[in-house]
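Biologist: I am new to this one. Please walk me through it, one question at a time.

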Amino acid sequence: MASPNTTGSMRVQRGLAEMLKGGVIMDVVTPGQAKIAEDAGAVAVMALERVPADIRRDGGVARMSDPEMIEGIKAAVSIPVMAKARIGHFVEAQVLEALGVDFIDESEVLTPADEAHHIDKLKFTVPFVCGATNLGEALRRISEGAALIRSKGEAGTGNIVEAVRHLRSIIGDIRKITQADSAELFDWAKKLNAPLPLVQEIAETGWLQVPLFCAGGIATPADAALAMQLGAESVFVGSGIFKSDDPAPRAKAIVEATTHFRDAHIIAKVSRKLGAPMTGISMDEINQRYAERGW
Amino acid sequence: MTVGTRIGVLALQGAFAAHRAVLDRIGAQSSEVRTPDDLDDVDALVLPGGESTTMSMLLESSLLFEPVGKRIADGMPVLGTCAGMILLAREVTDGRDDQRSFAALDIGVQRNAYGRQVDSFETELSIRGSDAPFHAVFIRAPRIVRTGDDVEVLAEHAGTPVLVRSMSVMAASFHPELTDDDRIHRLFIEQVRTTR
């Protein structure tokens, strides 16, 4: 049958997010690290110049990665390759789309380029993932065309506390909305500063329009399983793997713990002999909260 | 549906929840398979889309590779979509060297042959024996590059087979779990019923 092919539709964009469920997406800065991630069972890699822990340490303006480096990582692995654009920097996003990356993360880890506007993601063929700290933020990003939402957590800290807060807030509010009556949904939309039709849809389906993943602070297999048990559908691990003593076995252990997230015996088994996790920092030691970037 | 028939959905990674939602909708009982014990409870198995390299690794580490292979060889009906089709194919090109498949279906597939995500697409297909077109979603899809003599082609796209069947093994390079059309899942359930 001669029927035209449609690319870039919301269904096709959300479809890839669906395929990444139950998996681990790993931050990598070199083709070598990308290979280690793929060998360990990552479902995708996030190509970036510096992991968040280094961005935090070095300071300065953090931007989209060098296209050459993204090409190198694309050539090194067969799994999807994601890359980060600055919040509101739609030209960085255009460049990443032209490079053929599979997903763009409009990320608070990079220095924001626009103080009022996120990227109009509906204009793109490539799908976007965006961070959120609460349900209102998640729904605003979905209305702009995000095909996937992740908790922001606090990147580069190796501390799961912020991601837990964000997941609990998002999922807790979803739960409450499913209990609300139709009149209360107007108030919810106002309170969340989110489009009413999206709030009504959540009341009906009981879940977000797109998958919800966890990011920001995962350092151990138990952290990944915690995020999954709280209701995240996959995990992003940034600094937690390549800032640890022995990245390869830790990466594989986090993959196994994400799959078997309800089985404490398996999590116990894979958590042995991994060497030291990244040291991490507590929230009162940091001076810049990336989660506050974006609105 | 035969009373007590249960469809397992391999839930190591990927679109397992979407498959279960379709099975739910058509009144089929289903459960998630992550361990050999889970496998013992099911009469048929769906291998969902996702990353075939990840699933291949997790099949090994979860001690599922041998038991699933044996059940398929013993005639357990199985439906593989996208990555699931790769796991069923006899030959896989552009895979990883250590990537394993059950070789249960006499086809050759090439991974990601339809391109990267920006090339992923949706389109209409006609399925053999069915009048209405089927809306099919292809995500970084594998291409069937060879079909054996015993393999029945149920749908093609641009001259390439995209839905195939041989005995109790069925596979699609697209994602029937991502649309509201449940004909392919119903076809699979029929197969499960006749096998039992």
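Biologist: Is B:Glu152 buried, partly exposed or exposed?
Modeller: This is a predicted model, and the class rests on relative accessible area. Buried means under 20% and exposed means over 50%. B:Glu152 has 26% relative accessibility, so the residue counts as partly exposed.

Biologist: Which side chain does B:Glu152 meet in a salt bridge?
Modeller: The N to O distance is 3.3 Å. A salt bridge needs these atoms within 4 Å. The partner of B:Glu152 is B:Arg128.

Biologist: How many residues apart in sequence are the parts that B:Arg128 and B:Glu152 tie together?
Modeller: B:Arg128 counts as exposed, at 55% relative accessibility. B:Arg128 lies in the loop between β7 and β8 of chain B, while B:Glu152 is in strand β10 (residues 152-157) of chain B. The pair therefore ties together parts whose separation in sequence is 24 residues.

Biologist: Which residues do salt bridges that share partners join into one network?
Modeller: The network has members from chain A and from chain B. From chain B come B:Arg96 and B:Asp98. From chain A come A:Lys35, A:Glu38 and A:Asp39.

Biologist: Which strands hold B:Arg90 and B:Asp106?
Modeller: B:Arg90 forms a salt bridge with B:Asp106, with the closest N and O atoms 3.7 Å apart. The pair links distant parts of the chain, 16 residues apart. B:Arg90 is in strand β5 of chain B, and B:Asp106 is in strand β6 of chain B.

Biologist: In which sense do β5 and β6 of chain B run, parallel or antiparallel?
Modeller: Strand β5 (residues 89-93) and strand β6 (residues 105-110) of chain B are joined by four bridges. B:Thr93 stands opposite B:Gln110 in β6(B). The two strands run parallel.

Biologist: Which residue of β9(B) does B:Val109 stand opposite?
Modeller: β6(B) is also joined to strand β9 (residues 143-147) of chain B, by four bridges. These strands run antiparallel. Opposite B:Val109 stands B:Ile144.

Biologist: About how much area do chain B and chain A bury between them?
Modeller: Contact involves 42 residues of chain B and 45 residues of chain A. Of the buried area, 55% is on carbon and sulfur atoms. The total comes to about 3,300 Å².

Biologist: How many salt bridges are there between chain B and chain A?
Modeller: One salt bridge joins A:Asp102 to B:Arg116, the closest N and O atoms being 2.7 Å apart. Over all chains the count is 41. Between chain B and chain A the count is five.

Biologist: Which elements of chain B each supply at least two residues of the side that touches chain A?
Modeller: One is a helix and two are strands. They are α3 (52-61), β7 (121-125) and β8 (134-138).

Biologist: How do the residues on that side of chain B divide?
Modeller: The classes are nonpolar, polar and charged.

Biologist: Which helix holds both A:Lys176 and A:Asp173?
Modeller: Their side chains meet in a salt bridge, 3.4 Å from N to O. A:Lys176 is partly exposed at 49%, whereas A:Asp173 counts as buried at 13%. The two are three residues apart, about one turn, in helix α7 (residues 161-179) of chain A.

Methods: Residues numbered from 1 in each chain as written. Chains lettered and ligands numbered in written order. Predicted model: local features only at pLDDT ≥ 70, side-chain atom pairs only at ≥ 80, totals over all residues. Heavy atoms only, no water. Contact = heavy atoms within 4.5 Å. Buried area = accessible area lost by both parts, 1.4 Å probe. Nonpolar A, V, L, I, M, F, W, Y, C, P; charged D, E, K, R; others polar. Pairing = 2+ DSSP bridges. Buried < 20%, exposed > 50% of the residue type's maximum accessible area, 1.4 Å probe, protein only.
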